[in-house]
Amino acid sequence: VAEAAVAAGLPTPRDARALPNVLQSRLTLLTAASTARPDADSIDVELPCPAFGGGPHFDAVQDRTSISGEGLGALFGKFEALSYSRPENPVGREAASALDRWLRNGLELRGGRDQKGFLFLYELMRGDVFFKLLSNDSGHTLGCFLLRLLPASEWSSKGVLMSTLRVMAHNPQLARHLPKFEDDRNVKVSVMFRGQDVLAKLFEKLTLVLKGLEADGHIQWPLHSFPALKLQPLVRLPAPLLA
């Protein structure tokens, strides 16, 4: 077995515990195949299974803050400002280059370095921003992907901003029914401070619409608890692999 392990580029069995899980599995299979009885039709091999990772999980967060009745004062008390710079309708290579830059800099709910946060994802999933890698891309689908790339510290925390985006992600049929973001400021800069009319108007309308949709039973809330994964560590090796 040791010679076969070396030939396969694996350490010897005595070193197996220090191996990554995938190499432990390969070595276990190799050892079982080489020590099986010559007349065996097949053998069952129990492989080591990796431990389930801990920590927060995006789909395990239940956040209904957007319809819970939290007032604007409580909402604005959670952030100083939002920043947003609407992209200039990039398509294809230009869109891919911009997206690569945003992801390298990191997306943030409040805007971040590239001013692509809540308002960008809101408009993207609502269909108000024309941003496509391919001509048949869906802005809503892209928004759902980008939502999961926000920092874990943001998507694991509950609040109106994240809750609203979760509602939009799981209810694409409702996205267009939410109020459009309208920047009617005389001087349009990327930073919008809390309490400014441009944000207050949006969230006042948004809160009313979401509460109405919830009262009418139109909002579908995703599952947030899941049964434990039952691992099946047994692998059956047929006779040709035991020869």
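**View 1. Glutamate 154 and its partner arginine 110.** At 14% relative accessibility, glutamate 154 counts as buried (buried is under 20% relative accessible area, exposed over 50%, partly exposed in between; 1.4 Å probe, protein chains only). Its side chain meets that of arginine 110 in a salt bridge, 3.9 Å from N to O (a side-chain nitrogen of Lys or Arg within 4 Å of a carboxyl oxygen of Asp or Glu). Arginine 110 lies in the loop between H4 and H5 and glutamate 154 in helix H7 (residues 152-155), so the pair ties together parts 44 residues apart in sequence. Helices (H or I, at least four residues) and strands (E, at least two) are DSSP runs, numbered from the N terminus.

This is a predicted model: local features need pLDDT of at least 70 and side-chain atom pairs count only at pLDDT 80 or more, while totals for chains, interfaces and linings use all residues. Residues are numbered from 1 along each chain as its sequence is written, and side-chain values use heavy atoms, leaving out hydrogens and water.

**View 2. Helix H5 and glutamate 123.** Have a look at H5 (residues 118-126), where 9 of 9 residues are buried. One of them, glutamate 123, forms a salt bridge with arginine 86 at 2.7 Å, N to O. Arginine 86 sits in the loop between S2 and H4, 37 residues from its partner. Glutamate 123 has 1% relative accessibility, whereas arginine 86, at 40%, is partly exposed.

**View 3. Just past H5.** Glycine 127 takes a positive phi of about 95°. Arginine 176, exposed at 52% relative accessibility, meets aspartate 128 in a salt bridge of 3.1 Å, N to O. Shared partners join Arg126, Asp128 and Arg176 into one salt-bridge network.
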